[in-house]
Amino acid sequence: MKRLQFKLAGGGLWLILSLWLANPAAADDLRLKYARPAGTWTEALPVGNGRLGAMVFGGVTNEHLQLNEATLWSGGPRDWNNPGAKEILPEVRAAIFAGDYVKAGELCKKMQGPYNESYQPLGDLRLTFPGGTNLAAADYERSLALDRAVATVRYRVGGATFTREVFSSFPDQVMVMRLTCDQPGRIAFSATADSLLHSSVVAEGTNTLVLRGKAPSHVDPSYLHSTKPIIYAEGTNAEGMTFDLHVRALAEGGTVCCEGGVLSATNANAVTLLLSAATSFNGPDKSPGREGRDPVAAAVRPLVAAQPKPYAKLLARHLADYQSLFQRVAFDLGTAPGTADLTTDERLARFAKGGADPGLTTLLYQYGRYLLIASSRPGGLPANLQGIWNDSMRPPWSANWTLNINAEMNYWPSEVANLAECHEPMLNFIQMLSVHGRQTAAINYGAPGWVAHHNADIWGQTAPVGDYGGGDPVWANWAMGGAWLSLDDWEHYTFGGDKKFLRERGWPVMKGAAEFCLAWLIDDGKGHLVTAPSGSPELGFTTPAGQRASISMASTMDMSIILELFTDCIDATRVLGTDQDFAAKLVAARAELYPLQIGSRGQIQEWFQDFQEQDVHHRHTSHLFGLYPGHEITAATPEYFAAAKRVLEIRGDDGTGWSLGWKINFWARLLDGDHAYRLVQNLLRPVGGNTRTSYGFGGGVYPNLFDAHPPFQIDGNFAFTAGISELLLQSQLVVKPDQAEPEYILNVLPALPQVWPEGKIKGLRARGGFTVDLEWQMGQMVATTIHSTGGRICQVRAGARVTEVKLKPGHSIILDAGLQVFGP
Ligand code: FUC
């Protein structure tokens with residue numbers, strides 16, 4: 001118990017209250033740990049600072065760090081727009097209105113452009129230690145401390161204990177590996193670096209190894225069967241990103257030398273390795289081969305700055321930075337007896353057999369936050385399909401930003417799980433896409449505003465991919481990428497309440513997306529506005545005539561995204577007091593949008609007609625966009641609410657990793673925590689080493705808790721964290737026509753699963769600039785602490801109880817089980 005002082009709003013009274021203050025979970029609950037070195041990539045442990053990433057294998061005779069730099073991509077800027085598309089568009093629409101959906105799909109292919117480029121691996125650092133393979137190591141442990149963002153390897157050889165610590169520092173922009181032993185003079189290794197990309201290794205001075213290379217000018221997506229998928233442009237001034245990796249050894253005692261491509265240390269007491277890397281990426285509009293920035297200078301700068309800092313200082317700076325983000329949320333569901341001494345893989349196996357382990361849920365929850373901090377930091381790129389971790393030149397789906405669910409999903413936890421700063425890279429990326437997407441809208445469709453389609457890459461691709469006819473329109477021609485992404489700007493505003501952000505950055509992006517949608521919508525001749533062509537990612541249907549097709553009009557996801565966007569835009573104009581004429585257009589159009597339909601099975605229809613889906617268990621559940629992340633389907637619309645539930649019953653509780661993660665969020669919004677928990681169990685299923693691409697079932701987690709689609713895809717990790725948050729706290733805002741200040745509703749413990757009767761979470765964020773701490777016992781809320789940054793009014797709901805709370809900026813209040821102000 002700790003005594004806390006709270007300033008209560010309203011009366012301006014100071015009350016002294018005794019209450020539980022969430023203690024951060026014990027440090028050991030926040031560790032992934034293993035008794036063996038990683039044998040495979042999905043056993044290795046990820047570290048990252050948003051830009052520099054490593055997978056740490058932790059061997060005894062060899063250490064292997066597989067390395068990434070977030071900006072290292074194939075290709076360069078290019079013209080992906082297709083001026084011929086606008087000639088085809090009327091033909092596509094005519095086919096759709098004639099009911100010839102097969103023909104419409106075929107015609108759509110003519111509106112495509114080139115495929116996007118691929119994220120590339122940087123290289124590998126390999127350390128060989130003396131002693132050979134017969135080295136007998138005891139007490140081996142490999143771990144990742146989520147509260148410190150440090151990967152540690154520790155083992156004993158004879159009487160000597162060796163320790164290796166690895167972290168990636170955001171403040172110093174270097175990766176650091178520290179090798180120590182509790183006996184003097186025992187640190188020795190030889191290190192080499194290599195890359196799958198064209199590269200060479202040189203020594204710089206006596207203590208630095210430099211790997212210098214160049215990326216291909218083009219890499220085909222992994223799913224394309226081509227004879228020459230990887231192309232390098234040869235010659236001076238040729239296209240292709242260049243890169244540098246510098247590895248510098250700083251020894252305490254002993255000697256270090258660098259010769260013949262080998263960096264070695266002998267008889268040292270300790271060695272600190274500093275790793276720095278940079279590419280010639282110079283923004284999405286500059287050729288990285290011809291107008292790139294100098295990667296050498298960019299790699300050397302942080303190295304030189306970090307070198308004089310002692311290891312303890314580098315570590316302290318890293319911890320101060322990382323923990324300022326990570327420690328905002330503490331989460332405790334209790335610990336099951338017998339789990340403390342188990343390794344993470346043992347816990348996964350035990351949980352899969354039905355052994356209770358609430359700590360595994362909190363571990364995976366915090367891992368999602370860890371991974372977002374490690375892969376998405378201000379000034380950098382947003383987390384791609386694999387965050388920043390990738391060891392392949394043809395990673396699954398190019399490790400790009402897939403906009404029909406995956407890229408957005410990556411940012412679902414960012415606001416609610418108190419990492420709004422980590423949302424920044426995505427918000428910047430969206431702004432960049434909005435510029436490129438304006439050209440695509442104009443050139444491809446003759447439309448105002450901006451559009452993005454299914455895939456984006458570092459070059460800001462916004463047009464339909466498919467190499468002018470090779471892509472299936474069910475994904476390639478989906479045109480709602482920009483509209484969906486724009487909702488992130490609104491979400492960022494609703495959580496933080498930053499009107500300046502909304503006015504200067506969010507609103508222009510949202511407005512541009514809405515302008516495109518207004519132009520893209522057409523009259524169906526029956527009193528409704530529809531999108532056409534329109535598909536439902538990435539599922540086809542059978543037409544009434546028995547044909548297989550995928551393109552028609554007004555699929556539910558299109559209409560729900562547009563409804564959400566228009567509503568958010570209308571609200572934004574009220575909040576900002578701007579663009580009243582535009583708002584009036586949106587109000588008028590919104591009233592005519594083709595509405596949700598309930599089909600013959602009592603389900604929300606996926607398409608404008610009650611077509612039969614080609615796969616009833618398909619991983620995408622796009623027609624429930626209005627349930628989550630949208631706000632169209634709530635308990636206040638009981639028929640839709642029931643019909644949404646019916647969709648999930650038909651789709652079932654299996655799926656790929658991200659599909660399972662989405663379903664946790666759906667069931668949370670359906671206020672059914674127990675059903676959501678079934679998905680939690682499925683998502684925690686160990687998939688072992690299975691990395692074979694599956695488009696159907698079998699999602700789960702790898703030994704390192706990376707989400708398995710399979711293969712590895714990080715969105716499921718992020719959806720998990722978002723979904724668990726959503727089970728514990730939901731919030732809405734209501735913007736009334738005549739009020740600039742929205743009203744906020746906080747729903748505490750809306751969908752608590754029965755398996756978590758007791759628990760506490762500190763630091764969740766709610767819309768309106770609130771931060772909320774919750775404690776519950778016997779399945780009932782016992783204390784809710786609400787902190788307000790912006791000083792707003794909110795309505796707090798716990799089951800049937802409702803109360804209104806008025807808080808001044810910076811003030812807090814504690815409510816008891818009856819939602820009464822907790823007082824002495
Ligand atoms: C979409 C999904 C796949 C995968 C890929 C990255 O194409 O349908 O399942 O997640 O994106």
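**Cavities and ligand site**

In the largest cavity, α11 supplies the largest share of the lining, six residues. Helices here are DSSP runs of H or I with at least four residues, numbered from the N terminus. This is a predicted model, in which local features need pLDDT of at least 70, side-chain atom pairs count only at pLDDT 80 or more, and totals for chains, interfaces and linings use all residues. Residues are numbered from 1 along each chain as its sequence is written, and side-chain values use heavy atoms, with hydrogens and water left out.

A cavity is a set of points on a 1 Å grid over the protein atoms alone where a 1.4 Å probe fits but cannot get out; a pocket is an open set with protein on both sides within 12 Å along at least five of seven lines; lining residues have an atom within 4 Å of a point.

The volume of the largest cavity is about 290 Å³, where volume is the space filled by probe spheres set on the points, joined across faces, edges and corners. Its lining has 21 residues, with Trp 412, Glu 491, Tyr 628, Pro 629 and Arg 767 nearest the centre.

The second largest cavity holds about 100 Å³. Arg 601, Gln 603, Glu 606, Glu 613 and His 623 are closest to its centre, out of 15 lining residues.

Ligand oxygen atoms lie 2.5 Å from a side-chain N or O atom of Glu 538 and 2.6 Å from one of His 709.

Conventions. A polar contact is a pair of N or O atoms within 3.5 Å; within protein, one must be able to donate a hydrogen and the other to accept it, and residues adjacent in sequence count only if both atoms are side-chain atoms. Helices (H or I, at least four residues) and strands (E, at least two) are DSSP runs, numbered from the N terminus.
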